[in-house]
Amino acid sequence: MPVGSIPFGPLLKGMEPNIQQMLEQSAKPLGCSAQRIILRPEEIWRHCYWVSSGAVRLYYLDRDGKEHNKAFFVDGEFFWPVTQSLQTKPCGFFIETLCESALVSWEVSGFKAAFTDTQWQRFSLPWVEGLLNAKMEREQDWLQLNAGQRYEKLLATKPDWIHCIPDMHLASYLGITPESLSRIKRQLNK
């Protein structure tokens, strides 16, 4: 699909026309099959990604080889290596598509080059604040909510995840087993 036909939607909304044009010209469409590894733990994260369609997960392997999901990105969402260390050191986790997905990528340096310093701050600060708020809220939820309450909150705040992310990955994100998630879902459906 030509980049010009990709509906960038909210990613470019409100950006100055010169920024939009530079980003459209430097965008690289990336079609991915399901379970395609985009980044490995030993690699440096050098690209920004916009999910045109599909779903992506970020996950760690613990010392026993068990997967632990840290984040998901679905249709219309944007993610990039926010911190300097993620852009200069091995990231320590995997980025993988969960299903057949269409992504758009930019090299981080090229993406940032489309902005002046002030424009970059106006663009990136809300994303960084949103990320920090989500991480702090998730931490609080883990400490103060039981598994059922965490799932109910996920239903209320991320309904799009429920439809496109397999239950085994949602269970990992919630810190429970797939069997526990099935029990919780049965209880809620009564």
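User: If buried means under 20% relative accessible area, exposed over 50%, and partly exposed in between (1.4 Å probe, protein chains only), which of these classes does V128 belong to?
Analyst: This is a predicted model, in which local features need pLDDT of at least 70 and side-chain atom pairs count only at pLDDT 80 or more, while totals for chains, interfaces and linings use all residues. Residues are numbered from 1 along each chain as its sequence is written, and side-chain values use heavy atoms, with hydrogens and water left out. V128 is found in helix α4, where helices (H or I, at least four residues) and strands (E, at least two) are DSSP runs numbered from the N terminus. Because its relative accessibility is 31%, V128 counts as partly exposed.

User: Where in the protein chain is confidence lowest among the helices and strands?
Analyst: The chain averages a pLDDT (the predictor's confidence in each residue, from 0 to 100) of 90, and 93% of the residues score at least 70. Residues 1-5 stay under 50, and the model has 6 contacts for them beyond four places in sequence, contact meaning heavy atoms within 4.5 Å. Where pLDDT is low, the predicted coordinates should not be read in detail. Confidence is highest in strand β7 (residues 94-97), at 98, whereas the lowest mean, 87, belongs to helix α1 (residues 17-26).

User: How far apart are the end C-alpha atoms of helix α4?
Analyst: The expected span of a helix is 1.5 Å times one less than its number of residues, so the 28 residues of α4 (residues 117-144) should span 40 Å. A kink of about 30° lies at S124, shortly before P126, the bend being the angle between axes fitted to the seven residues ending at a residue and the seven starting there.

User: How many disulfides does a search of the whole structure find?
Analyst: A disulfide is a pair of cysteine sulfur atoms within 2.5 Å. The number of disulfides found in the whole structure is 0.

User: Is V108 buried or exposed?
Analyst: The place of V108 is in helix α3, and beyond its neighbours within four places in sequence it contacts R46, H47, C48, P81 and Q87. Because its relative accessible area is 5%, V108 is buried.

User: Which residue has a positive phi although it is not a glycine?
Analyst: The residue lies in the loop between β1 (28-32) and β2 (37-39). With a phi of about 60°, the non-glycine residue in question is Q35.
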